[in-house]
Amino acid sequence: MINILKLLIGPYRKIYFRILGLFLFRYIPAGYSSVSAVNIASDIDYKIPERAVVTEYMDLFYFPIVILARAGSARKNNLRLKEDIIRASQVLEKIYQNNYIIYKNSQSTFIRKPTKNISVKILHFFDRNRNCYPSLHAQILTEMFNVLSDHPEVISKDELVKRTVVILESCFLTKQHSLADIGAGFAGVTIIDPSFSEEKAQDLISQIFLDRDYGMSTELRNNIRNNILFLYQKLVKESHTKSYSEVLSPRNRVTDIHGQSSYLNSQNKFRD
């Protein structure tokens with residue numbers, strides 16, 4: 001509650017409500033598009049266990065409030081922080097606008113098994129499995145991670161990494177997103193904001209399911225990270241000659257996504 005009050009009286013409330021407005025009036029309506037949706041999940045997605053980490057998933061909606069409240073308190077004589085937050089908001093606005101075009105014309109979904117967990121059922125009811133690819137959830141987190149990595153006066157690197165990764169993991173564990181959704185989300189941020197480099201992407205991806213295995217084998221967790229990294233690199237490379245919407249249209253990706261596991265198993269980029 002204190003952070004919400006700080007945000008409401010702080011210097012970044014307009015930014016927050018502008019982004020919130022895009023979510024309410026762009027993202028949500030696009031999910032009700034009449035176009036058919038393609039299932040974007042791969043075999044590996046169905047090997048990830050379901051866990052009732054709904055609170056962690058919903059933290060995406062509170063985390064920006066905390067950050068903007070802290071940034072407002074730390075803003076005095078910190079012109080670079082102010083400029084970075086404004087730039088990040090502009091990046092997110094571009095992402096919303098570009099994703100709206102994709103979601104409106106080419107829908108994606110994650111066909112998931114029925115759940116017995118009440119909290120996950122409620123989440124699935126209110127948060128439809130549409131607008132999956134690229135993952136806006138991942139893109140908001142990624143741009144925040146990208147900007148805040150340079151501002152320990154707002155949040156320490158350890159706290160930033162832990163909170164970001166826990167929310168990303170919850171996307172898989174609640175069956176809200178597939179690996180491809182997250183990889184495409186990361187790529188979309190790099191395309192719009194090249195300061196989120198491949199090195200930064202790889203650093204973030206390497207942390208996913210590293211400290212928490214949720215009963216998954218080392219091989220499976222390595223394959224998860226490899227899948228995300230492979231698709232990220234492929235999409236960023238394609239963006240050199242194609243537009244954002246061409247690269248990230250889910251209908252252009254289904255064959256690649258469903259055929260990538262055998263390729264990735266031979267790469268072994270990540271090892272615990």
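1. Helices α2 and α4 are roughly parallel to each other, because the angle between them falls under the 35 degrees that sets this class. Helix α2 covers residues 13–30 and helix α4 residues 79–105; they pack at an angle of about 10 degrees, with their axes 10 Å apart. Axes are lines fitted to C-alpha atoms over the stretch in contact, and angles run from 0 to 180 degrees between N-to-C directions. Helices are DSSP runs (H or I, at least four residues) numbered from the N terminus.

2. The model is predicted: local features need pLDDT of at least 70, side-chain atom pairs count only at pLDDT 80 or more, and totals for chains, interfaces and linings use all residues. Residues are numbered from 1 along each chain as its sequence is written, and side-chain values use heavy atoms, with hydrogens and water left out.

3. Where α2 and α4 are in contact (heavy atoms within 4.5 Å), the residues of α2 include Ile15, Leu22 and Phe23, and those of α4 include Ile85, Leu92 and Tyr96. By class, this contact has twelve nonpolar, one polar and four charged residues. Ala, Val, Leu, Ile, Met, Phe, Trp, Tyr, Cys and Pro count as nonpolar, Asp, Glu, Lys and Arg as charged, and the others, Gly among them, as polar.

4. Helix α3 (residues 54–73) packs with helix α6 (residues 136–148) at about 35 degrees, and their axes are 11 Å apart. Among the residues that meet are Phe63 and Ile67 in α3, and His137 and Met144 in α6. This contact has nine nonpolar, one polar and no charged residues.

5. Isoleucine 224 touches Ile44, Ile48, Leu179, Phe209 and Met216, not counting residues up to four places away in sequence.

Note on methods:
Helices (H or I, at least four residues) and strands (E, at least two) are DSSP runs, numbered from the N terminus. Angles under 35 degrees count as roughly parallel, over 145 as roughly antiparallel, 65 to 115 as roughly perpendicular and the rest as oblique.
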